[in-house]
Amino acid sequence: MDAVRLIAASRRALAQGADGAEIMTEVWQAQALAQAIGSRLAVSGPPELRGEALGLTELAGRGCGVLDPPRLDPGDLRAARLTELADPRHTLLALGSLLGEVGIALVGLASAAADEATYWQCMEAIDAADESRDRVLEMLRKLEAREERLPEPEPEAG
C-alpha cells in the first residue's frame, strides 16, 4: 500500500482514538510507520535524503521503544503494509502532519495521566515525535533545495 494512504489511515485512527490505550496504540503505529518510511527513503530515496532518512528511522524506532508495544495482529501493523513510496515530497508532507498530530495527542494524554509513569512515557514519546518531525522537515528542505538545482526540462519542439 502507498505510504500516503497508510499515513491517512493513521491520522484517521489517531483522531478516532476513544481512550488512552487506543491513542497510545495509534502513536506507536505512527512511529512504526515513520520508521518504515525512513528506512525506505534511506535505501531507495533521493541521495540527498539518505542521511536524514536514517536518522528518522532511528528516532522513530526510539519513539516505538519508549512506548509499551501494543497487542496487534500482524495484519494490523500499518508499517508492514508499506509497499510503495511514490512521491517522497507528498509522503513527507503527510508524515510531518501525522507526527505533529501525534505530539498533540500525547500532550493531551500526558496532561490527563493518572500516574507518573504514563506521564513520563508520554513526555519521552513527545520528544521522539518532535525530533522525528524535525527530520521530516529537514528532508523537505533538502528536497526543495534539490528541485531548485535541477534544470527545468526544455519544451519539446512541435
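Where does serine 10 lie?

1. Serine 10 sits in helix α1, which covers residues 3–16. This is a predicted model, and the points below should be read as such. Serine 10 has a relative accessible area of 0%. It is therefore buried, the cut-off being under 20%.

2. What does serine 10 touch, leaving aside its neighbours within four places in sequence? Its contacts are Glu26, Leu33, Arg78 and Leu98. Two of these residues, Glu26 and Arg78, return in the next point as salt-bridge partners.

3. Arginine 78 and glutamate 26 form a salt bridge. Their closest N and O atoms are 2.8 Å apart. Arginine 78 is in the loop between α3 (50–65) and α4 (88–111), while glutamate 26 belongs to helix α2 (residues 20–44), so the pair ties together parts 52 residues apart in sequence. Is this pair buried or exposed? Arginine 78 counts as buried, at 9% relative accessibility. Glutamate 26 also counts as buried, at 12%.

4. Lysine 142 pairs with glutamate 52. Here the closest N and O atoms of the salt bridge are 3.8 Å apart. The pair links distant parts of the chain: lysine 142 is in helix α5 (residues 116–149) and glutamate 52 in helix α3, 90 residues apart. Lysine 142 is partly exposed, with a relative accessibility of 23%. Glutamate 52, at 17%, counts as buried. The cut-off matters for this pair: buried means under 20%, so glutamate 52 at 17% falls within that class.

5. Glutamate 131 is in helix α5 and arginine 62 in helix α3, so far as sequence goes 69 residues apart. This pair, too, links distant parts of the chain. Both partners are partly exposed: glutamate 131 at 33% relative accessibility, arginine 62 with a relative accessible area of 34%.

6. How many salt bridges does a search of the whole structure find? The total is 7. As background, side chains of opposite charge can pair when their charged atoms come close.

Key
Residues numbered from 1 in each chain as written. Predicted model: local features only at pLDDT ≥ 70, side-chain atom pairs only at ≥ 80, totals over all residues. Heavy atoms only, no water. Salt bridge = Lys/Arg side-chain N within 4 Å of Asp/Glu carboxyl O. Helix = DSSP H or I, 4+ residues; strand = E, 2+ residues; numbered from the N terminus. Buried < 20%, exposed > 50% of the residue type's maximum accessible area, 1.4 Å probe, protein only. Contact = heavy atoms within 4.5 Å.
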